[in-house]
Amino acid sequence: MKALRCKTYGPPSNLKLQEIDSLHAGPKEVVVQVKACGLNFPDTLIIQGLYQFKPELPFTPGSDIAGVVKKVGDGVTHLKVGDAVFGFVAHGGLAEEVIVPENACFLKPPQMDYPIAASFMMAYGTSYHALKDRAKLMEGETLLVMGASGGVGLAAVELGKLMGAKVIAAASTQEKLELCKKYGADEGINYTTQDLKSTLKELTDGKGVDVIYDPVGGDFSEQALRAIAWNGRFLVVGFAAGKIPKIPLNLPLLKGASIVGVFWGGFAMKYPKDNMANTRILMQWHGEGKLKPHIHKLVPLEDAKEALEEMMNRKVKGKMVVQI
């Protein structure tokens, strides 16, 4: 089978498309013939050795997958060969086959095509876990989404609005903010031309923001935290800007605020039943037409390196999907 292999840590240009041996399912695992793999910002970090964990070299990147079950391991009861599925893996998705743990593999709804299914788990799973489980977002609260036009950001905008919040989207261009408004954002801030802290204060009549969803990091995180409301929750989702901010700890003290870590992959593996319950709700909302992933572009596996470069340069709005 073909797979995009990372043999040395570095930029996407280091990746090599190669033929490797076909895979075998172990106990509680399935082998999925991959039809589509959604790219996520952590994919650009893991190939550089900058992510929370480092797979043993060589490895295949890619986490969000959709396809057809090809092989079933011992002890798997809810899936069979031929089932159309979607799911997530730590790595391995940018290939013609991938091994998926049974508790991270779900039957694909018939109305969901493969590119949409491969755009779903990481973005919506992360954002729903963040807003529901970590922030406990309540109807009527104000939600700020940083990097709001990206995959997880746009999902957070959509979910925040669905959960009854007033949503403020922050992004780097007006074009990105227009997309966010189509997905439910009530207000938009272009943080390359507007002062983030003062604009947030204006938009909230001086109260501040109840929940901050930050997958970006960098210089704007502290500015956002300085505009948080009393008892606010600052969600640390990721560091797409490349810089991990160092936050003065007097800020959460003065606001009675919380800084809350969000690691959806760890949550999904440690609490599969809770993650399954969240997934069912997300599937229901998708079936009702309330959630619609935005596909930036579809590319073949041969062009996945260039697609990852585009993501690193923060030119992607919504999801970039590799079709295989």
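Predicted model: local features only at pLDDT ≥ 70, side-chain atom pairs only at ≥ 80, totals over all residues.
View 1. Cys6 counts as buried, at 1% relative accessibility (buried is under 20% relative accessible area, exposed over 50%, partly exposed in between, with a 1.4 Å probe and protein chains only). Cys105 is buried too, at 0%. The structure holds 0 disulfides, a disulfide being a pair of cysteine sulfur atoms within 2.5 Å. For Cys6, the nearest cysteine sulfur is that of Cys37, 14 Å away.

Residues are numbered from 1 along each chain as its sequence is written, and side-chain values use heavy atoms, with hydrogens and water left out.

**View 2. Helix H3 crossing helix H10.** H3 covers residues 121-134 and H10 residues 272-287; helices (H or I, at least four residues) and strands (E, at least two) are DSSP runs, numbered from the N terminus. Their axes come within 10 Å and cross at roughly 110 degrees, which makes H3 roughly perpendicular to H10. Axes here are lines fitted to C-alpha atoms, for helices over the stretch in contact, with angles from 0 to 180 degrees between N-to-C directions; 65 to 115 degrees counts as roughly perpendicular, under 35 as roughly parallel, over 145 as roughly antiparallel and the rest as oblique. On the H3 side, the contact (heavy atoms within 4.5 Å) includes Met121, Tyr124 and Tyr128. Among the H10 partners are Ile281, Leu282 and Trp285.

**View 3. The cis peptide bond at Pro58.** Leu57 and Pro58 are joined by a cis peptide bond, with omega about -10 degrees. Look for Pro58 in the loop between helix H1 (41-46) and strand S4 (64-72).

**View 4. Lys136, with a positive phi.** Lys136 isn't a glycine, yet its phi is positive, near 50 degrees. It sits in the loop between H3 and strand S8 (142-145). At 56% relative accessibility, Lys136 counts as exposed.

**View 5. Arg314, with a positive phi.** Phi of Arg314 is near 60 degrees, again a positive value in a residue other than glycine. Arg314 lies in the loop between helix H11 (304-312) and strand S15 (319-323), and is partly exposed, with a relative accessible area of 34%.
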